[in-house]
Amino acid sequence: TPADLRPLFMLMEETSKICNKYGLEYWIWYPAMDADYSKPETVEFALKEWEEIYKRLPRIDYVFVPGGDPGHTQPKYLFALLEKQTALLHKYHPKAQMWMSPQSFNKDWMEEFYGLMKAEPAWLSGIVFGPQSRDDAPTIASRIPKKYPIRHYPDITHSTQAQFAPPDWDVAFAVTEGREGPNPRPTQERIAFRKYMDIGIGFLTYSEGVNDDVNKFIWSGLGWNPDEPVVDILRDFGRYFIGETYRDTFAQGLMALERNWIGPLLANENVETTFQMFRDMEKHASPQVKLNWRFQQALYRAYYDSYVRDRLIYETSLEQQAMEKLRNAGRTGSLLAVQGAEVSIQKALTAPVSQDKRQRLFELAEAMYQSIHAQLSIEKYQALALGRGANLDTVDAPVTNRIWLEDRFAAIRKLPDEAARAKEIADIVNWSDPGPGGFYDDLGNPSRQPHLVAGETYENDPMFLRSPMTGFSIRGMGSVRGQDQSYMHYPLSWITVTEGLYDSPVKLRYEGLDPKARYKVKVVYAGDNPQPKLRMMADDRYEVHGWLDRPVPFKPLEFDIAPEATADGVLNLSVTREPATGGAGRGNAVAEIWLMKR
């Protein structure tokens, strides 16, 4: 409503005035969100609505309209709308430019977009390359007329469902710190910057707030001097914002925070070293430094990482104790084994670990609320939602199979006889066992996917357009499956997945098979979004299964492998999604796979 929009209009007016005063270019990001721009009445409504902005602002240099994320308009209708909008814009700002991006377009829409660009529309000044782009920047540049410059719109803010996702991010971080936690990633942001820096005329970064503050300065520093070492940029950052005495120590701390997020957390001893670095800075910090929100945010991350790792080590040991009790069910009886196993895993709640670190996290969250009104909790600080930076609310999210096991234990207790209960316990204990001569992969877990065919390096493919990537079945930290984090009722191996974006397959290769044996595959398709149909092929010749929908709730599916595919002792499997689709390109998500002798 007009009343709801008034604060936004006031903010836009003031920022436009400030930019005008200092001679700074003023961009507006304006998604086309109405239902159907093929209807003349919708176009007329949009023209009147956007005109209000054009009239109010003293300065507009550029209007950028994303084709998607958000938006959903077919290119021919979007181009027609923007041609009219550009004419109206020039009524108030004669030199202003109209730019757009082909984000979220499917293959047909991308081809339509390229066809429209061949006509060299006079109203269009440039193209933006951003997240959810089906084609990368070099491809777009090669297919549009050279007269149109390209500006980058890199996603520097997200840790999952991201344009440049952290490679092999641990699921314990994904379920706790979430999509928009503090995310200094200096070396990985440098990779993304340098990958496309020679294509285009610069960038305006895509940010959701202060969580990506360090990344903003990395991109700005590299934009000024692409050859400057990122640690030097961070030294300037620490000296200017924290103080001269922190010039190097704070820079090294930020570099260490990035290393915390690389690889399996359980084995990452760097996390404790990073925590000690920041704890030492905290110990010697002046009251003024302790009130500095940038110092508070980095300290919060160091405490958070360390607390999550402490929990992971402790609660993993509790789960191992529980599994040992289940393995002894034949001796103790099923009900006693279940009871003992449940007592073990529930120590995560009844005797939690590292409560001093947890308490300090809450103190730092309050400090950041006082310093900059950081909204790290829905209830305490009125954050928008889980997954939108409110990771104080998920600090105790399960990092093991505890909730799934509790569900299984409840179901076992309801079974009428010992044999049935023993069978269910055996299924839990032998979950990943593929049987004699079989093979198992927990995809999305970098330490348990031996048959996954790796793609290109992160340096060559930071958007994972041609390479499998780690993903999670947790979009919005509960926003899809409810705020109760009900995704945790799945085993952890179904929360982590390997994804192939757009038409890129997920591939597995098996060698040393028995040429005389018959094999079958058991697979779990998971993921965090409505999934397109999937197909599995063997050796690109034999169909394992045709196009099918992912079951919801998730469950294992079994299929026979054509004996011709394994007759040479080697098997190549590939999973693809329906071709030519758009959006974020996600959905080809494989969680677990067993190759078993029949």
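Asp61 and Arg59 form a salt bridge (a side-chain nitrogen of Lys or Arg within 4 Å of a carboxyl oxygen of Asp or Glu), with their closest N and O atoms 2.7 Å apart. The model is predicted: local features require pLDDT of at least 70 and side-chain atom pairs pLDDT 80 or more, whereas totals for chains, interfaces and linings use all residues. Residues are numbered from 1 along each chain as its sequence is written, and side-chain values use heavy atoms, with hydrogens and water left out.

Asp61 is buried, at a relative accessible area of 18%. Arg59 is also buried, at 18%. Here buried means under 20% relative accessible area, exposed over 50%, and partly exposed in between (1.4 Å probe, protein chains only).

A second salt bridge pairs Glu111 with Arg143, the closest N and O atoms lying 2.9 Å apart. This pair links distant parts of the chain, 32 residues apart. Glu111 sits in helix 4 (residues 107-118) and Arg143 in helix 5 (residues 137-143). Helices (H or I, at least four residues) and strands (E, at least two) are DSSP runs, numbered from the N terminus. Glu111 is partly exposed, at 38%. Arg143 is partly exposed as well, at 33%.

Asp549 bridges to Lys533, with closest N and O atoms 3.1 Å apart. Asp549 lies in the loop between strand 12 (542-548) and strand 13 (557-560), and Lys533 in the loop between strand 10 (519-525) and strand 11 (534-538), so the pair ties together parts 16 residues apart in sequence. Asp549 is partly exposed, at 46%. Lys533 is partly exposed, at 29%.

Shared partners join Glu13, Glu52, Lys55 and Arg56 into one network of salt bridges. Across the whole structure, the search finds 43 salt bridges.
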